[in-house]
Amino acid sequence: MTQDEVFSKVVSILTKYSKADVAESDIKMETSILDDLKVNSARLVDIVLDFEDMFDIEVEDEDADKVRTVADCVELIMSKQ
Amino acid sequence: MNLNLRTKLALKIQHMIGWITFPAWGGVLIALMRFVARYRIPQLREIRRQYKEIKKSTTQPIVICSNHLTKIDSIIINWSFASVWSYMRSFKYFSWNLPERANFYRNIVLRVLCYLGSCIPVDRGGDREAVKKSLDKLAWLLKKGHTITIFPEGTRSRTGRINPEGVAYGVGRLVRAVENCKVVCVYLRSHSQDTYSGIPKRGSEFYLTMEAVEPKTEHSGLRATRDIAFQIIEKLKEMEQEYFDRLGQGSMENSYA
């Protein structure tokens, strides 16, 4: 899967959990999940578990802790594929 | 779990200072609750007996998981579970907890009280690495035989009922990090508590039930963390249902346990 494809799927998952009024098209690689998308950090686990299901990967707690931006998500997924 | 020597030493010093000063602030706190706020726990002896039994039955560390409706739930739980004298003998049973920094670290008086009262501040909903540092401290304390109180809902329930939507998975992570730790689920509620508040109303009577569980999961990784957190929340929901069933039947005075 290419980086663009991963990015697009990551964005679709993140928008489910976002409490900010942000359009999918406004989400960039540098978008902060907590600050810009207003996702509660407790929900980050759900997000990462959605990544596991969608991309058929397994992520450890420590890896999930490092996720802050959309780029972090994409890199994490690419590194596990 | 990587705690540096400095952090471990800081926690040991905090524990020791809390213990040495406990007769002063612990006594004052309980006197304030009993005689100024006029709080009552009708089944206090029975609750303490039950908790003592649980402690006796295990050599494993104990994580107390409670529902969360007021800012002083952890203080009420500590008061319910043992006397000042018991805590003097073994201050490790006075449970550590994770108050939200924004609520409890606003002024110097609260900061000092939180420090003495075995609190580790946390920024809820904040950076996961910062939350992880707080959880690492708790895991280390558990492994050293200390007791922890944690609120799996993450925050005081806005609906007045257990809120599975907001569940924070930190509790699952903590239980996974400390092998064979015993989880004591606690349902605490004043009869006059309709929804969440800062402190309970003056003259409140508290209902408290507890149940020891050892959550197990077939999952691994983050899924295991979430599964354990859900098991604990489900248990708390059951206990809440029992509370409202008893309240509906008017059997509250006869049996709390």
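Start with the sheet of chain B: five strands make an open sheet with mixed pairing, in the order S2-S3-S1-S4-S5. Keep in mind that this is a predicted model.

Colour the edges next. Strand S2 (96-97) and strand S5 (206-213) of chain B are the edge strands, and each pairs on one side only.

Now select residues 62-66 and 182-190 of chain B. These are strands S1 and S4, which run parallel to each other and share five bridges. Show the residues at one point along the pair: Ile62(B) in this view stands opposite Lys182(B) of S4(B).

Select residues 5-36 of chain B for helix H1, and residues 108-116 of chain B for helix H6. Their axes are 7 Å apart, and the two helices pack at an angle of about 100°. H1(B) is therefore roughly perpendicular to H6(B).

From H1(B), show Ala10(B), Ile13(B), Gln14(B), Ile17(B), Gly18(B), Thr21(B) and Trp25(B). Their partners in H6(B) are Cys114(B), Tyr115(B) and Leu116(B). By class, seven residues in this H1(B)–H6(B) contact are nonpolar, three are polar and none is charged.

Finally, bring chain A into view. Which residues of chain B supply 39% of the area that chain B buries against chain A? First take in the whole interface. Here 19 residues of chain B are in contact with 21 residues of chain A. The two chains bury about 1800 Å² between them, with 45% of it on carbon and sulfur atoms. Then select Arg128(B), Leu222(B) and Arg223(B): these supply the 39%, more than any other three residues.

Stay at the interface and look for charged pairs. How many salt bridges does the rule find across the interface of chain B and chain A? There are six. For one of them, zoom in on Arg173(B) and Asp65(A). The closest N and O atoms of this salt bridge are 2.6 Å apart.

Notes
Residues are numbered from 1 along each chain as its sequence is written. Chains are lettered from A and ligands numbered from 1 in the order in which they are written. This is a predicted model: local features need pLDDT of at least 70, side-chain atom pairs count only at pLDDT 80 or more; totals for chains, interfaces and linings use all residues. Side-chain values use heavy atoms; hydrogens and water are left out. Axes are lines fitted to C-alpha atoms, for helices over the stretch in contact, and angles run from 0 to 180 degrees between N-to-C directions. Helices (H or I, at least four residues) and strands (E, at least two) are DSSP runs, numbered from the N terminus. Angles under 35 degrees count as roughly parallel, over 145 as roughly antiparallel, 65 to 115 as roughly perpendicular and the rest as oblique. Contact means heavy atoms within 4.5 Å. Ala, Val, Leu, Ile, Met, Phe, Trp, Tyr, Cys and Pro count as nonpolar, Asp, Glu, Lys and Arg as charged, and the others, Gly among them, as polar. Two strands pair if DSSP finds at least two bridges between them. Buried area is the accessible area (1.4 Å probe) that two parts lose on being put together, summed over both. A salt bridge is a side-chain nitrogen of Lys or Arg within 4 Å of a carboxyl oxygen of Asp or Glu.
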